[in-house]
Amino acid sequence: MNVVGGQASSNVPRGPFTYSLDNRMAPRYHSQWRDESAGRGSALEYGPVSLIYRLEKPENVDYIVYYPRGSGDNGLIGAVELYIKKDGDNDFSLAGKKEYDFGQSGSLGIVTFPERIEGATECKFIVKTGKNNDVSCAEMEFYTKAEISGELLDVFEDDLYAKLKQGVTTEQI
C-alpha cells in the first residue's frame, strides 16, 4: 500500500516523520530526545506520541509491519494503541484489541487484525512506551493478504501462504 503522508506529535530535525514512510530502512524517524542542557526531556516523559499514516486511497488492511531501527535500541517501540479512520469517517476508531506491544524489541513487529479492516484511509498509533522514553521507526508498512483461491488453498499450511503443507509436490502446485 502506498503511504502518502502523515505526521508525528514529536520529532527532531535529523529524524523527521517522513523517514518512517520513505521505503528505506535508514535514516529513520525519531521523536524528541532528552537534552538536559536545553532543559528538554524525552518525548514520552510528556505523554504518548502519536504517529499518523495517511494512505493514498481507501485500502483493505489485514496487517501492519513495524520495522525498528537497524542499530542501537533508543526509541524501540513498546506498547501502542492503534486507531483507524475509514473512508467517509470524520474520526478514528479503535482497531482490533485495545493495546498492542512490540516489546521494545529490535525485531519486526506485526499487528494482525482478527478481521480485515475495509476502506482504511489513515492509521494512528498512540505510542505509550519506548526505550529510554523515546520513539523511533525505520518504516511502517500496511498490507492486504493475497487472495488465493481454489486448489492452492489446499497446499499451504498458514494464512500467510508462506509454508507448504508436508507432502505437497511440485505437480500439485
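This is a predicted model: local features need pLDDT of at least 70, side-chain atom pairs count only at pLDDT 80 or more; totals for chains, interfaces and linings use all residues.
1. Leaving aside neighbours within four places in sequence, Met-25 is in contact with Tyr-67, Ala-138 and Glu-139, where contact means heavy atoms within 4.5 Å. Met-25 is found in the loop between strand 1 (3-8) and strand 2 (29-30). Met-25 is partly exposed, with a relative accessible area of 41%; buried means under 20% relative accessible area, exposed over 50%, and partly exposed in between (1.4 Å probe, protein chains only). The C-alpha atoms of Met-25 and Ser-93 are separated by 29 Å, and the two residues stand 68 residues apart along the chain.

2. Residues are numbered from 1 along each chain as its sequence is written, and side-chain values use heavy atoms, with hydrogens and water left out.

3. The protein chain has zero helices and nine strands; from the N terminus on, its elements run β-β-β-β-β-β-β-β-β. Helices (H or I, at least four residues) and strands (E, at least two) are DSSP runs, numbered from the N terminus. The C-alpha trace spans about 65 × 40 × 25 Å along its principal axes.

4. Several totals describe the chain as a whole. Of its 173 residues, 41% count as buried. Among contacts between residues at least 6 apart in sequence, 70% join residues at least 24 apart. The accessible surface comes to about 9,600 Å², and 44% of this surface belongs to carbon and sulfur atoms; accessible areas come from the Shrake-Rupley method with a 1.4 Å probe, and for residues only the protein chains shown count as cover.

5. Charge may be considered next. The protein chain has 19 positive and 27 negative side chains, and the centres of the two sets lie 6 Å apart. Lys and Arg count as positive and Asp and Glu as negative, while His and the chain ends are not counted. The place of a charge is taken as NZ of Lys, CZ of Arg, CG of Asp or CD of Glu.

6. Strand 3 pairs with strand 7 (residues 109-127) in the antiparallel sense over 12 bridges; two strands pair if DSSP finds at least two bridges between them. In strand 7, Cys-123 is the bridge partner of Tyr-53, and Gly-109 is the bridge partner of Tyr-66.

7. Strand 3 also has other partners. Strand 1 and strand 3 pair in the antiparallel sense over five bridges, with Arg-54 in strand 3 as the bridge partner of Gly-5. Strand 3 and strand 9 likewise pair in the antiparallel sense over five bridges; there, Glu-141 in strand 9 is the bridge partner of Val-65. As background, in a regular strand the side chains alternate between the two faces of the sheet.

8. Strand 7 has a further pairing. Strand 4 (residues 79-86) and strand 7 pair in the antiparallel sense over seven bridges. Leu-82 stands opposite Phe-125 in strand 7.

9. The structure holds six aromatic pairs. One of them, formed by Tyr-53 and Phe-142, is tilted, at 5.7 Å centre to centre and 55 degrees between the planes. Tyr-53 lies in strand 3 (residues 49-67) and Phe-142 in strand 9 (residues 139-143), so the pair ties together parts that are 89 residues apart in sequence. Rings of Phe, Tyr and Trp (its six-membered ring) pair if their centres lie within 6.5 Å; planes under 30 degrees apart count as stacked, over 60 as edge-to-face and the rest as tilted. Both Tyr-53 and Phe-142 are buried. Ring pairs link Phe-17, Tyr-29, Tyr-53, Phe-125 and Phe-142 into a cluster.

10. Some backbone angles call for comment. Most residues other than glycine have a negative phi, and most peptide bonds are trans. The peptide bond from Ala-26 to Pro-27 is cis, with omega near -5 degrees, and Pro-27 lies in the loop between strand 1 and strand 2. Asn-23 is exposed, with a relative accessible area of 63%.

11. A further positive phi, near 60 degrees, is found at Asn-133. Asn-133 lies in the loop between strand 7 and strand 8 (136-137) and counts as partly exposed at 35% relative accessibility.
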